[in-house]
Amino acid sequence: MEKIKMTTPLVEMDGDEMTRVLWGMIKEKLILPFVDLKTEYYDLGLLNRNATRDQVTTDAANATKRLGVAVKCATITPNRQRMEEYPELTEMWKSPNGTIRAILDGTAFRSPIVLPCIRPVVKNWESPITIARHAYGDMYKAVDMSTDEPGTAALTFKGESGAEKTLNVQTVDGPAVWQGQHNKESSIRAFARSCFQYALSQKQDLWFSTKDTIAKVYDGEFKRIFEEEYETSYKAEFEKLGITYFYTLIDDAVARVIRSKGGFIWALKNYDGDVMSDMIAAAFGSLAMMTSVLVAPDGTMEFEASHGTVTRHYYRYLKGEKTSTNPMATIFAWSGALKRRGELDNLPDLVKFGEQLEAASLRTLEDGVMTKDLLPLVEPGFRARGADSGEFLDAIAARLA
């Protein structure tokens, strides 16, 4: 069988632990037999990020801007425990996702992969809920420090014009911790536009929520920009399609989401989107059953799995044990990237292959062959058997062939 040709490479960002193992298996079993794959490869594994002083992450992000499409494996963001686990580390390197998102200045859209045999734990949800997560700033670009005596902290801005603004943060009577965070007007506006454009493309309602009653200036700016963009640029198109834009406080939004039937896009600030996307994924079935794509204002897209590196399974794998790790999110990252590359390069066969890869994966699950994390979630009466990761990928490959 002649392999499907590519004309432009996509950026391939390898990752860590069990997801890195699955990455190689997916390429070997599901992609390379069918596609003459062209990628520009970057190793974002933790030790290589350490060896390059994290320059490899910046290089991968800039390559994504240049080539327009990337696919990324899950990666480790080290904490104190990881520093002990990996004594070679010279620094507690920042989240590679945060670095990439800051450079691309995009919005992450995450949506659950749904199956008829797995009902959401929220019984009234009938359709997927897509999380639109702002991917720049806030606590992910914050600075923090600790102090060990009484005193006062102040926040000072020094403008290029020479003007200064100072705001007292707090006076404390003992040890304390402090954090300063920011966002940019240009990034908030790009976030708003991406959300409105995505809602139009999906023909779905858009919700947006913050806590502007507490963070009156910070969150209030998000609310103001969204309303301004909607009123000046998108309202007519929304009304023409019969879809709505809706703002409410985040605590009210959470209650409304639980009572809803689903089928809308929920736009959230960076940290809120991080948390709520995991909640939505778990409620629909599994963190491994969620697509994630970072969309930059210029149309650049980076596809990834939104879950972690599955450390527990990785240590079992190192002992020679077979694991039943769910690869669906990583498969859909690859299929999404291949489809987007095919769309940009006018390669319908590549687009079709991405669609067939997704269909073969879903059909395998619908036929009752699945990783063991999904077995407790299936509806009563549905016959399913657990497979290890290799067996599951082989079953997809057979259907794909």
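Is Arg 110 buried or exposed? Select Arg 110 to begin: this residue is buried, since its relative accessible area is 3%, below the 20% under which a residue counts as buried. The model on screen is a predicted one, and every value given along this tour is computed from it.

**Stop 1: the pair at Arg 110**

**Stop 2**

Next, display the strands as a cartoon. Ten of them form an open sheet with mixed pairing, in the order S2-S1-S3-S14-S13-S4-S5-S12-S10-S11. Its edges are strand S2 (39-43) and strand S11 (245-249), each of which pairs on one side only. From one strand to the next, the twist averages 20°.

Within this sheet, select residues 107-112 and 290-295. These are strands S4 and S13, which run antiparallel and are joined by six bridges.

**Stop 3**

Select residues 17-31 for helix H1. This helix packs on the sheet and touches strand S1 (10-14), S2 and strand S3 (69-72). The direction of H1 makes about 140° with that of S1.

Then move to residues 185-202, helix H6. Helix H6 lies across S4, strand S5 (130-134), strand S10 (206-210), S11, strand S12 (265-268) and S13. Relative to S5, helix H6 runs at about 160°.

**Stop 4: strand S10**

How many of the five residues of S10 are buried? Five of the five are, so the strand is largely enclosed by the rest of the structure. Colour the side chains by face: Leu 206, Phe 208 and Thr 210 lie on one side, Trp 207 and Ser 209 on the other, and all are buried. Now bring S11 back into view; S10 and S11 run parallel and are joined by five bridges. Here Ser 209 stands opposite Thr 248 of S11.

**Stop 5: salt bridges**

Side chains of opposite charge can pair when their charged atoms come close. In this model the count comes to 30 salt bridges.

Select Asp 16 and Arg 49, which form one of them, with the closest N and O atoms 3.0 Å apart. This pair also links distant parts of the chain: Asp 16 is in the loop between S1 and H1, Arg 49 is in helix H2 (residues 46-51), and they are 33 residues apart. Asp 16 counts as buried because its relative accessibility is 7%, and Arg 49 is buried with a relative accessible area of 0%.

For a contrasting setting, select Arg 316 and Glu 321, whose side chains meet in a salt bridge at 3.3 Å, N to O. Arg 316 is partly exposed at 29% relative accessible area, and Glu 321 is partly exposed at 38%.

A network of salt bridges can be shown by selecting Glu 185, Arg 189, Arg 193, Glu 221, Arg 224, Glu 228 and Glu 229, which are linked together in it.

**Stop 6**

Val 56 lies in helix H3 (residues 55-67) and is buried, with a relative accessible area of 8%. Setting aside residues up to four places away in sequence, Val 56 touches Tyr 42, Asp 43, Leu 44, Asn 48 and Arg 49. For a distance across the model, pick the C-alpha atoms of Val 56 and Ser 233: they are separated by 38 Å and lie 177 residues apart along the chain.

Asp 54 is found in the loop between H2 and H3. Its phi is near 70°, a positive value in a residue other than glycine, and Asp 54 is buried at 10% relative accessible area. Asp 105, in the loop between helix H5 (96-104) and S4, has a positive phi too, near 55°.

**Stop 7: a surface patch**

Finally, switch to a surface view and select Met 139, Tyr 271 and Val 275. Which kind of surface patch do these residues make? The patch is nonpolar and covers about 260 Å². Met 139 belongs to strand S6 (residues 138-147) and counts as partly exposed, because its relative accessibility is 38%.

Key. Residues are numbered from 1 along each chain as its sequence is written. This is a predicted model: local features need pLDDT of at least 70, side-chain atom pairs count only at pLDDT 80 or more; totals for chains, interfaces and linings use all residues. Side-chain values use heavy atoms; hydrogens and water are left out. Patches are made of residues with over 30% relative accessible area and no salt bridge: like charges are joined within 9 Å, nonpolar side chains (Val, Leu, Ile, Met, Phe, Trp, Tyr) within 5 Å. Accessible areas come from the Shrake-Rupley method with a 1.4 Å probe; for residues, only the protein chains shown count as cover. A salt bridge is a side-chain nitrogen of Lys or Arg within 4 Å of a carboxyl oxygen of Asp or Glu. Helices (H or I, at least four residues) and strands (E, at least two) are DSSP runs, numbered from the N terminus. Buried means under 20% relative accessible area, exposed over 50%, partly exposed in between (1.4 Å probe, protein chains only). Two strands pair if DSSP finds at least two bridges between them. Axes are lines fitted to C-alpha atoms, for helices over the stretch in contact, and angles run from 0 to 180 degrees between N-to-C directions. Contact means heavy atoms within 4.5 Å.
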